[in-house]
Structure formats: C-alpha cells, structure tokens
Amino acid sequence: MRKHALIVFVSLAVAFAIGSIGHAQAQGQPHVRHSEVGGRLAPADQQYGAISGVRLKGYVEELAQISRRYRDNGHPQFWGRIIGTPADAENAQWMLQKFRALGMTDVREQVIDLAPQWIPQSWSVTASAAGKTLQLETAQPTYGGVGTPAGGLDLEAVYAGLGSDADIALARDVRGKAVFFYSTDLTSRHVGVADEAVRRLGERGAAVIFIIQGLPGNLRTQFYPVQSKIPTFTLGQRDGLAMRDMIGATAAGSAPRVRVKLDTQMVPNLKSGTVWGTLPGTSDETVFIVAHRDGWFDGANDNGAGVATMIGLAEFFAKLTPQQRKRTITFLGTTGHHNSGANSGAWFAEHPEVFAKASLLINSEHTGAAQSAHYSIRNSNTAAPSTWYASGTRLAAIVMNALDAFGVSTLPEASARPAGEIGRYFQLAPSVQVMSTAFVWHSDGETPETISTTGLEAVTRAYAKIVVDSNAVDIKELRELR
C-alpha cells in the first residue's frame, strides 16, 4: 500500500512539475541553458586539470575591478587600466603580489619614463532640432584625437550613409559640418574602418566625424588612432540611429545643430613599467610568457583574460620543483599596448640579447572571448574561434596537437605573423599565439560576463601543454625553425 501511494505521489509531483514548466513557458519565461561547451580532458592530460577556468575568470573580475575603481574615482569617460594612471600602478602591484606569492625569483618592475600621454579630460556632444535635444552619451573620441577649441564647436549635422564616395555624394556638401556615417565594419577599431571613410570625409572638409558603430545596443567603443586631423568620435548604435533619424526628420534648410566640446591634454611626467618574475629551471634555456597589462574599460578579454592565463600558467608550473622544470620560465607583464607606444615591446625589440637562449615565446592575449551573435550581442555557451600562430613546422605540430587536445576552436590556417603584443619581437624566439576577439572588443560591453570560462581554461591548458611538449625538443631545433 505504501509503495502504491509513493508511486501515485511521485507521479503527481512529476505531473505538477511538468505543468509548472508549461505554465512558465506560457508566461514567456524561456528555458535557460547555463552550461558551457568544453572542459575536454583526455586521460593522458589529467595533469592539466589543475588549471581551473573558474579560478582564472576570478582574476578577470579582479582586473575589471581595478578599472572600475579608476572610473569611479573621477574618470567616468576615459577609463580602464590605462598606461601611466593610478589604475596602471595598481595593476602592476597586483601582478607583483601574485608573482611573489608563487615564490618567483627576480620579481621586479622595470620602470619606464613615458613620453607625454594623450589623456582626454572631458567631452560632450549634444544635438538639437525642432525643439528636441539629444545627449549623445556614447560618443568616444578616437585615441590620440584632436580636441576642439576651448569654447567647443556648433555645427550643422549631415548623414553620410556608409561613408563611401557614393554616400558622400548623396550627402552633398560635408564641408564644415558634423558628419555621421554608419559602419558595418564591426570588428575594426583602426584607421581603415569602413574602407577609409574617415580619410575621405576629412579630405572633403568635414569639421567633426562620428563613426556610428553598427553593433546592437549602445556601446562606448575606444578606437586606436585613425590619423584624423579633426575631432573624430565613435558612437553607439542607438545614439547614432537617433541622430540619423533626427537629421532625416528635419525639413530642408533646418538641419540639426551639434555642439561638440572635447578637452584633450598631453600629460607629461608619467611612469609605467614591465613586470618581471621567474621560475628557475634546471637550465638557463628560457620559456617567456608575455601578457600586456593595460586595457580600456573593463578590458575583460583584452587583456584581463590574457593576464589571467599567464597567472594560471605561473600557478601550474610553480607547483613543480626547480628540478622538475627542464627550462627556466620568465613571466612578463608588459605595458604600452594601447597607447600606440608599445613601450615594453619597443624595449624588447632593442634588446635581442634577452631572448638569446629562448626556447619558446608565448603571447597570452585575448584568450577567453565567448562566441556571440552580432545581431543581438548575446553570448553563446562556447568560446569564439581564435586565430593562431606558430613559428616553424615542429612547433606548429606541437601547437596543433595541444589545441586539439583541449578542443580549442581556431581558424584552419595559421596567421602569417602574430598581430598582438609580441609583433615587434616575435622573430627573436620560437613564438606562439592563440587569440580570440569578439564583437565587444574595446568597448564598455567587454565585461567579465563576455568571457567563456571553458574557453579560457582550454587555451590556458593548451599553452601549458605546449610548454611541456616543447621541452622535449632540443632548443637548437626549435630556434632553427623560426
């Protein structure tokens, strides 16, 4: 009797649960799959299970908090782990503490005296027409951009479509105006955006240029220098489309006016530094692992994830005794990646002797982006595909084997050269790079939530395996195939 009653009770409970789920769906509450794809770990690679994506993502969170403290301490517009700022100094100290806690030797910061740094102090962009006003809050000046006169600019607004020659012709006269164009070049943050639309508009006499980023939502996006001689901004899609519609709604001869004010300064006497730490091995042959420290906004993937990967590798190899490490491993937290000065990289390029006995140089950069869809900028449950680079046939085979072992998704062909932090000096050592970049790159939407935990874990494990497997190859063979 008790058994029958239990069966009836369980059946009723299941039916109630199913009914509740159906009711929830009817009320518009969809099912949510929280699990992430990944976590592959073959029996032969169990040692790499010590590298935890959850732990690594915690480091990304810590680095994002450094950026946010700087933002909340009086820098609401231009913020992040920006070179020469207190956030940069806090970032360096954070890394030094991690290195010391792991028992590294030669832990130090190599201080760099910086040339005057471009730091915008404040800016505002307001549009008005027919009694309506728009505050374009997502306007973000391109790095190193030209400021306005102290009193700002008051300009007629014009929309130039996609910024092509044909669109500019339809817009007619752009001379002396605030020109807005829509960019579908979703991953570019560079001078060539939209087939060099900035150059074309500048040559035709535009007074200010606004690049409407075609990414859903309303993101602030920081571009690299675009070599513009006039103030140039990026603009979130929602703000940009509102501005386009305002221009379209006005009658001929009553175009909207745009007030633009941008105060920029070249700030002297700032300092930054390259952070060093070493895990000694049984020889002076050395593996170098590099991660640039600076980043805009939260900089979760660029380069919080890369720094987290480097710390994860340091933790993995610090558990071995020096006698168990065939080669010395040196970790480098570099600076100057985003200020166009490549301060650490320029120094390394001028000092090839540093890499005279390098068996391997790993660039740990953009190691955790989640795959997202551009039409909604929603993260999927898997990592974005990576580009990859390896110098030499033997090293490439080791890299491909490691990527396969942990299910790291990449483009099929290796890059001809690494585009990241080691680009100035990769030829000085056998080099490896695995890099993923999502649509929210260089924006205030690049938060820790956009990091794939399993993807970050997989790349870090792959790098660890590359170090271990390359240790079985004679340094002469590795270096001859650069």
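**Pocket and rings**

Tutor: The largest pocket holds about 610 Å³ of space. This is a predicted model, where local features need pLDDT of at least 70 and side-chain atom pairs pLDDT 80 or more, while totals for chains, interfaces and linings use all residues. Residues are numbered from 1 along each chain as its sequence is written, and side-chain values use heavy atoms, without hydrogens and water.

Student: Which residues are the closest to the centre of that pocket?

Tutor: Of 28 lining residues, the closest to the centre are Tyr 224, His 337, Glu 365, Ala 419 and Gly 420.

Student: OK, rings now. How many aromatic pairs are there?

Tutor: The count is 22 aromatic pairs, taking Phe, Tyr and Trp (its six-membered ring) with centres within 6.5 Å; planes under 30 degrees apart are stacked, over 60 edge-to-face, the rest tilted. One of them is Tyr 48 with Phe 406, edge-to-face at 5.6 Å centre to centre and 85° between the planes.

Student: Where do those two sit in the chain?

Tutor: Tyr 48 is in the loop between α1 (2–26) and α2 (53–72), and Phe 406 is in the loop between α9 (393–405) and β19 (431–435), 358 residues apart.

Student: Are Tyr 48 and Phe 406 buried or exposed?

Tutor: Tyr 48 and Phe 406 are both buried, meaning under 20% relative accessible area with a 1.4 Å probe, protein chains only.

Student: Which residues do ring pairs link into a cluster?

Tutor: Phe 78, Trp 118, Tyr 143, Tyr 224, Trp 296 and Trp 441.

How values were computed. 1 Å grid on protein atoms, 1.4 Å probe; cavity = no way out; pocket = protein on both sides within 12 Å on 5 of 7 lines; lining within 4 Å. Points joined across faces, edges and corners; volume = space filled by probe spheres on them. Helix = DSSP H or I, 4+ residues; strand = E, 2+ residues; numbered from the N terminus. Buried < 20%, exposed > 50% of the residue type's maximum accessible area, 1.4 Å probe, protein only.
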